[in-house]
Amino acid sequence: MKSLSVLVAVATLAAKASAHYVWPQLIVGGSNTSAWQYVRQTNNWQDLNPMLDVTTTDVRCYTSAESGTASTISVAAGSTVGFTVSGNPSNLYHPGVLNVYMAKAPSGTDVASWDGSGTVWFKIYQIPAIADGVTITFPATGLAEIQFTIPSALPSGQYLIRTEHIALHSASSYGGAQFYIACAQHLNCSIIGGTGTPGPLVAFPGAYTVRINIYYPIPTTYIQPGPSVWPASGSGGVSILWVCYIALPHFPPDRSSDLNNCDHDDDESYDDNGEDHHQHDHIELHRH
Ligand SMILES: [Cu+2]
């Protein structure tokens, strides 16, 4: 286990601790289905708290404390589906990035009783951060729902659809990124039937191995966690090792108490751009 020391800008955005959320409703044909009808009821369906440990099987669907099942709906490949956000408030309140994955249940296995194990997940949609070297923005922030297209090349079969919003406001601490996850069950009954080969495939847990960290100086690029989207719109490989080059340069000074659990370096540096709303710190990034 090697320790990789890097200069890291630790920052956080003001965020209400109570501002958590879940994904209870699948959107099909532009209409909301009932809460937890096609979406497996997640452990946090009442307290709305995030999942924090990417090393457990809860990083799949976050259902270990619930029945983990739901009704299965038929949706044609090429159609648009989505998830609603419910919470206080009912939108993706925290700054973060979004991914949507699918996984095909093994032949002969009913998706309703399948746990999503194995190297079976591929990404079909994402809303990454945008870093321009000066600032970083999170276009997913504030969305009350997401909608995306099930790839028309998707082969017929039974699938899980997994969405996650990875909130980064507390991610300066090791393992501090908050995962808001939900899985819906989907039976693809496309008449045409796609002939594509989804991939790259990843496993949960496993796809995310490095916790979020915030680098300094602010990077000019941002690497979205997980594999590239399928079907590929360009070249790209699997970034199994998740190192997010995130920087959140602006935050109120009274949020410095959030910078806990970090492996601090003594020689802190401060940006000269306004001491009252910039703060940089050094922490260590541990690479396993
Ligand atoms: Cu929250």
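1. The model is a predicted one, in which local features need pLDDT of at least 70 and side-chain atom pairs count only at pLDDT 80 or more, whereas totals for chains, interfaces and linings use all residues. Residues are numbered from 1 along each chain as its sequence is written.

2. Strand β8 covers residues 96–104 and is joined by nine bridges to strand β13, residues 157–167, with the two running antiparallel. Strands here are DSSP runs of E with at least two residues, and helices are runs of H or I with at least four, numbered from the N terminus; two strands pair if DSSP finds at least two bridges between them.

3. β8 also pairs with strand β9, residues 121–127, in the antiparallel sense over six bridges, and N99 has Q126 as its bridge partner in β9.

4. Nine of the nine residues of β8 are buried, where buried means that 20 or more other C-beta atoms, placed from the backbone, lie within 10 Å of a residue's own.

5. Not counting residues up to four places away in sequence, W121 touches Y101, A103, R162, L201, V202, A203, F204 and A207, a contact being two C-beta atoms, placed from the backbone, within 7 Å.

Terms used:
Buried ≥ 20, exposed ≤ 12 C-beta atoms within 10 Å, placed from the backbone.
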